[in-house]
Every structure is written in structure tokens, then in C-alpha cells.
Amino acid sequence: MRAVTADVPRAGLRERKKQMTRQGILDAAEHLFSEHGYEGVTVAQIADRANVSVKTLFKYFDSKEDLVFAGEADVQDALCDAVREREVGQSPLDAVRVFLKDLAAADEHANGIEAFHTAFGGVPQLRARLLLMYERFEQALAHVLAEESESEAGHPAPRLVAAQLISLFRLVTSEEARERVASASADERLNALNAWIDESAALLAEGLAGYGIRTSASAS
């Protein structure tokens, strides 16, 4: 009995230490990426900033890339919850729009989308990983929409709607969004990003049927 009782606090303490070490590594990576950009930081520098060895860092994260996407599952869950738990009368599109603006303003997980796309949106090495993340978000959101609407198997609506909603999420890290934010003064950048999100959501809400209709013959 004593041995079991004595082991429980030690196990709890070990787990807390692991969590603290993991968070310390993430905090170090976040600060260094913010200061020098993803490409300007090495794993060794992150380990040194976190006061751990490179070997210890790799016990918690398989690669430098994983440090960027450590919160992916949490964001996916939060996104799905935002749609699943939206208010009566609120559309999935509006729920995602509000979610993105809240995420952009949040001072956590790379300081919100504004800092995320500034630090990582234009990094070639991360593009494939970003696309994979958005594919996973789309699949998860399509499942929520299909479940909610009780759509028959194979119906295109849930996946098509999810793809459009995630396109709004994905394009926040696009070149166009980054240019909009970069053109604003430092204290107006969050407002610029929010305006970009609102404009993009409004375009999706209007639908594409009336977009780009040709009114005259093209020049030959």
C-alpha cells in the first residue's frame, strides 16, 4: 500500500515536469521563430533557449516542423466545436468567420493567425504540411456537417461546404492576406486581417453564381 501511494505523487510530478519541458520548448521555438523566422532558427538554438539538450527536444518532437504544428489537433477540435455549438440562427460560415477573428486576436499558439502567417505563411518547407493540416480540418468539419444534417452517405454537400469554409481558413495565410496585413501600420494590422476575413466571408456568403460573369466578348 505504501509503495503504491508513494508512487502516485511521483508519477504526477514526472508528468508535470514533462508537460513543463514540452511547453518550455514550444515557448522557446515561438520566441525564436518570431524574432528570426522559421528558416533562421536551428533546432540547436531552440534547445539552448529552452535549456534542454537537442536529444531531449527530439524526445518530445520528431522534427522542427512539428514545433510549428504542435497545436494542430487543438485548433481542429476548437474549429469543429465552434460550428457544432454555434447559436440558433447562425450559419456554419458565420461561426467560422467569428472563430478566425477570435483566433487572430488570441495571444497564444504563435500569437494568433496574424503572427502565424507572418512567421510561417511564406515558408516553402511548410507549404506541404500546411496543405495536409487543412485537408484534415476539411475532413473533420465535413464529418460534423454531415452528422448535423443527417446527409446520406456520399452526398456532396457536407464536403463541398466544408471545403469552402476551410478555404477561408487556408487563405488567411495566403500571399494576398499577407500583403493586406503588411500594407497596414503596425497598430492596424489586426484590423486589416479582420477586414480581409469579413470580406472573404461575405464573398462566400453571396455565392459564386454571380461572380465574374462576362458582359462582353473577350478581345481576340
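Visitor: Y134 and F137 both belong to helix α8; about how far around the helix are they separated?
Guide: This is a predicted model, in which local features need pLDDT of at least 70, side-chain atom pairs count only at pLDDT 80 or more, and totals for chains, interfaces and linings use all residues. Numbering starts from 1 along each chain as its sequence is written, and side-chain values use heavy atoms, with hydrogens and water left out. Y134 and F137 are three residues apart in α8, so their separation is about one helical turn.

Visitor: How many aromatic pairs are there, by the ring rule?
Guide: Rings of Phe, Tyr and Trp (its six-membered ring) pair if their centres lie within 6.5 Å. Planes under 30 degrees apart count as stacked, over 60 as edge-to-face and the rest as tilted. By this rule the count is five.

Visitor: Which kind of aromatic pair do Y134 and F137 form?
Guide: A ring pair is described by the distance of the centres and the angle of the planes. For Y134 and F137 the centres are 6.4 Å apart. Their planes make an angle of 75°, and the pair is edge-to-face.

Visitor: Are Y134 and F137 buried or exposed?
Guide: Buried means under 20% relative accessible area, exposed over 50%, and partly exposed in between (1.4 Å probe, protein chains only). Y134 and F137 are both buried.

Visitor: Which residues do ring pairs link into a cluster?
Guide: Y134 and F137 belong to it.

Visitor: What is the angle between the planes of F33 and Y38?
Guide: F33 and Y38 are both buried. Their rings form a tilted pair, 5.3 Å centre to centre. The angle between the planes is 40°.

Visitor: Which residue has its charged end over the ring of Y38?
Guide: A charge sits over a ring if NZ of Lys or CZ of Arg is within 6 Å of the ring centre and within 35 degrees of the ring normal. R129 does this over the ring of F69, 4.5 Å from its centre. Over Y38, at 4.2 Å from the ring centre, sits the charged end of K64.

Visitor: How many helices does the chain have?
Guide: Helices (H or I, at least four residues) and strands (E, at least two) are DSSP runs, numbered from the N terminus. The chain has zero strands. Its helix count is eleven.

Visitor: How far apart are the end C-alpha atoms of α5?
Guide: Helix α5 covers residues 72-84, which is 13 residues. The expected span is 1.5 Å times one less than the number of residues, so α5 should span 18 Å. The end C-alpha atoms agree, at 18 Å.

Visitor: Which helices do the buried residues of α5 pack against?
Guide: The buried residues of α5 are E72, V75, L79, C80 and V83. They cover an arc (from the directions of the helix axis to the C-beta atoms) of only 130°, so they lie on the same side of α5. Their packing partners are α6 (92-105), α8 (124-149) and α9 (156-171).

Visitor: What is the relative accessible area of N51?
Guide: Most residues other than glycine have a negative phi. N51 is not a glycine, yet its phi is positive, about 60°. N51 lies in the loop between α2 (43-49) and α3 (54-60). This residue is exposed, and its relative accessible area is 71%.

Visitor: Where is E150 found?
Guide: E150 also is not a glycine and has a positive phi, about 55°. E150 is exposed. Its place is the loop between α8 and α9.

Terms used. Contact means heavy atoms within 4.5 Å.
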